[in-house]
Amino acid sequence: MNTAPTSMTTVQVRRPATIGMQAATGGSATTPAAALPGLRARLREAVFPDYNRAAFIYWCVVVVLGSGALALSVAGVAQLPAASLGQVLLIASIAAVVGLFPLQIPKTKNSIAAGDVFIFLTLLLYGPFAAALAAAAEAAVAAWRTSTRWTSRLLGPASAALTMLACGSGFALVQDALLRAGLAADIALLVALMLFTVAYFIASPLVITAVAYLKRRRWPGVREAIESFGWLGLGYAGSAAVAAVLFLSHQRFGVFSVAVAAPMIGMFLATLNHFFSQQEAAEREAAERAARVRADAAEHEAAQAAAHLQALEQSDRRFHSAFTHAAIGMALVSPDGQVLQCNQAMSMLLARGDAEIVGAPFRSFLNPFDATRIEHELHLIRAHASDGFQFELRVRRPDGREDWASLHCGYFSHGAVGDGCLIVQAFDVTARRQAEARLQHMAYHDGLTNLANRSRLHEAMALAIDTHRDDPTRQFGVLYLSFDGYRSLNDSQGLGAGDMFLVRVGRRLKELALPGDLVARVGGEEFAILTHCDQQGTHQVLALAEEVLRALSAPLAIEDTEVATGLTVGVTFCDVGYLNPEEALRDADLARQKAKASGKAEPAIFDPNLHECAKDKLLLEAALRRAIAANQLALAFQPIYDLHTCRVVGFEALARWEHPERGSVSPATFIRVAEESGLIGALTQWAISRACMRLRDWRERHPALPELFVNVNISGLDLCDPRFADFVGETLRQHGLPPAALTLEITENTLMQQLERGSSTLAKLHDLGVGLSVDDFGTGYSSLSYLSTLPISSLKIDRSFVSRLEVRAADAEIVRAVIQLGDALGKRVVAEGIETATQLERLQGYGCELGQGYHFSRPLTPQLALQLLDSEADGTAPAPTKPTHRANDNTEGTPTWPTSIPA
Ligand code: C2E
Ligand code: CA
Ligand code: CA
């Protein structure tokens, strides 16, 4: 049998050099040799810096044993015949050279050394010594190539020699045993080779990698070992198979078959190497491409980031410029309200320098009420319940002045700057606010007195009505006040004085009103007070009304003139159950009218009957309007006598209205309605033309009475009509009457009230030659100076004095005084209401010139008046001291006043 020549396949595992790079964690080892401790330490430091004690000992053992194995192998090989020795050296050299070109397995860090085939072949051909030599040579080359450390370069060949010698010897022994057991040579070879492969697969990586695991003091688990070295088995199996084929062909065909096979194996390995390299190159290229793509992407990303950053910087610059130069105030504020930054406009708005503002809480620059509000809003933002807010608030300047600003606050996100903080924008709206306030004030206040106007009063009353409806204990009252003094003041002194009067009155009312009351001017000379009170407040409201009356009934000094206020007050209370302010105000005014009609200086309280009166007045007014238009009024004529001769010298025309349903309406009633409704002008003109018409008729029928005259009553408003005097002149002309045939009667009070406005009419009438008689003389307050200067032709002593002539000496004295005054001033004196012969006698005794009254005659129809004149002319008139016509409208059998009088 041939000395078993061996071939070897070696798989190059991760060499100790790479594994050994990992830091040794072991503590310092005890000196293996007691002697030379310094040398050992230096050696350890220089050669084995990462070796612990176990690893070091193991290394030493393997190297020593490997060296022994190598020496043994050399000795063994030396025994071979010279030809075999040459073959051994050749194959070992091939194995070493092939070991220089390991096949790198793609995607792993491992490589296959094709030299294993030749090492195994050496084993099969020349036995374990030769194989150990070949394995050591191949391992030396590989270690030299892959590591620069001597430890690795020595451990590699030593372990290879040791492992191969051990396993190869085992192979030879097994093969011999199998042959002795009678197994066929080829079978014995293959079985032994299979067992060798397994043993070598286990021993080879174990011996070489043990040092690395010892250094780490950690052994791989089964799974890790299989993952790391499993593929080695495949490599060894392949190498063993190829070596077996080569061996068998060597046995049959000699060494040439090996020489032929070697290049084929070389070509195969080169092709495989080429394939692997290509694959690796392709993978590298792909990896490079991927890396390039990644690099490109990263570059693109970087460029984008740079552009973004640039854009951000640009936008930041723009924002900064806009922020700094903005016309409106801007500030960056932290969510808890602290100012972080502010612009100049904000500084100006807050009237403070940057240094004072930045770092301070924004609320500290606000009116306390608005500061609370803004705190609340900031709280909502912090709680994520709101994104921002906007409202108008008061900025408090250092001098305490407060300006209005419109403020907007929201999250600020501008790039990286100020993220998470808030931006406050504000601008001054004080001017607009002030304008609005002025407009509001104008809309709700009276321009002259600065009191509330009607609109404001309405609103307040509507609120008071609602409040009372919701809570009946909260009550109110309304006072309606009118100042008649204003009218006469305006007429006599002009508008300026009138305005002053209203201002004074308004101011006084404000002083008198209780806190919380509202004083309003609701019309020309009309005011109202809305006063609030509790459940027992009725007397409180009345007390206010009385207090106002008392305080304002004294005359006011306006431009050195004492002016009577002529105040009348009406009151109404909420318990009437008002639904709207108009009703309450109307009722208070109705009450005031009642107060005025009563003539008493006390407030009148509204009672629902007043509504009826007002309604009635309206109905009467409409009826009177129709009556005037339809010529339904009539004139009655009361004769005026010369008291010396007791003969008729004239008549007083008195208006009569026979209402179709109401019957005869008192002139006292319908004249007032006419005055209040503006119908009086038409009524007066009708009376004057109708009286003139009758007088002309009577004069024509009685030429012996060329002095016969007629008196017509006129109203104060007639004197104010600038066309009135012209009308009178025209009417006289129309009827061909001399002006002296007509006397106009005006009451003393009216005359005094219209002195100013009526003066031009009075003058014109005087120029015209028309007589003017002061009616109800003695009941008013005419000044004696006026009597002498005014164009007055006669005085009519009021009937109240005449009626008390017999019973009151004082009245008799007044009558006498008036008669004497008339004499002194050259005015005719007429006594009214003479009802008795005694009165007549007295008056005659006092020298009173003229008189009228029931003692002589009641007012007569025109026909009866003519009959009276006729009878006087016939001489059938009764004795002078006896009344001629005693007939009464209602009491006498012969009515002197038929229900309708022909026009
Ligand atoms: P007056 O101008 O003072 O008129 C006199 C009133 O006294 C008349 O009442 C007359 O009927 C009444 N009278 C006359 N003699 C006596 C008497 O001896 N005893 C009593 N008790 N009364 C007597 P009458 O007609 O009811 O008129 C009332 C007032 O109405 C008038 O008072 C006058 O102010 C006004 N009036 C009447 N007609 C007119 C008119 O046409 N125009 C204007 N503006 N006022 C008129
Ligand atoms: Ca009269
Ligand atoms: Ca009178």
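Buried here means under 20% relative accessible area, exposed means over 50%, and partly exposed lies in between, with a 1.4 Å probe and protein chains only. The model is predicted, with local features needing pLDDT of at least 70 and side-chain atom pairs counting only at pLDDT 80 or more, while totals for chains, interfaces and linings use all residues. Residues are numbered from 1 along each chain as its sequence is written, chains are lettered from A and ligands numbered from 1 in the order in which they are written, and side-chain values use heavy atoms, with hydrogens and water left out.

- When its neighbours within four places in sequence are left aside, L843 is in contact with L643, V802, L805, V815, I819, A831, I834 and C848, where contact means heavy atoms within 4.5 Å.

**Calcium site**

- The calcium ion (ligand 2) is coordinated at 2.0 to 2.3 Å by E652 (OE), N713 (OD1), E745 (OE) and D775 (OD); donors are N, O and S atoms within 2.8 Å of the metal (3.2 Å for Na, K and Ca), and sites may look incomplete because water is not among the atoms.
- D775 coordinates both the calcium ion (ligand 2) and the calcium ion (ligand 3), which are 4.1 Å apart.
- E652 belongs to strand β18 (residues 647-659) and D775 to strand β22 (residues 771-777), so this pair ties together parts that are 123 residues apart in sequence.
- Both E652 and D775 are buried.

**Helix α19**

- Helix α19 (residues 581-598) has 18 residues and reaches 26 Å from its first C-alpha to its last, close to the 26 Å expected at 1.5 Å a residue, the expected span being 1.5 Å times one less than the number of residues.
- The buried residues of α19, including L585, L590 and R592, pack against α15 (454-470), β10 (475-483), β12 (526-533), β15 (567-573), β16 (604-605) and α20 (609-629).
- After α19 comes G599, which has a positive phi, near 75°.

**Aromatic pairs and charges over rings**

- The structure holds 23 aromatic pairs, in which rings of Phe, Tyr and Trp (its six-membered ring) have centres within 6.5 Å, with planes under 30 degrees apart counted as stacked, over 60 as edge-to-face and the rest as tilted.
- F389 and F391 form a stacked pair, at 5.6 Å centre to centre and with 25° between the planes; F389 is buried at a relative accessible area of 7%, and F391 is buried at 8%.
- The rings of F651 and W698 form a tilted pair, because their centres are 4.7 Å apart and their planes stand at 45°.
- F651 lies in strand β18 and W698 in helix α22, so their pair ties together parts that are 47 residues apart in sequence.
- One aromatic cluster is formed by F120, F171, F196, Y200 and Y236.
- The charged end of R153 sits over the ring of W150, 5.8 Å from its centre, a term that requires NZ of Lys or CZ of Arg within 6 Å of the ring centre and within 35 degrees of the ring normal.
- R858 lies over the face of Y854, at 3.9 Å from the ring centre.

Technical notes
Helices (H or I, at least four residues) and strands (E, at least two) are DSSP runs, numbered from the N terminus.
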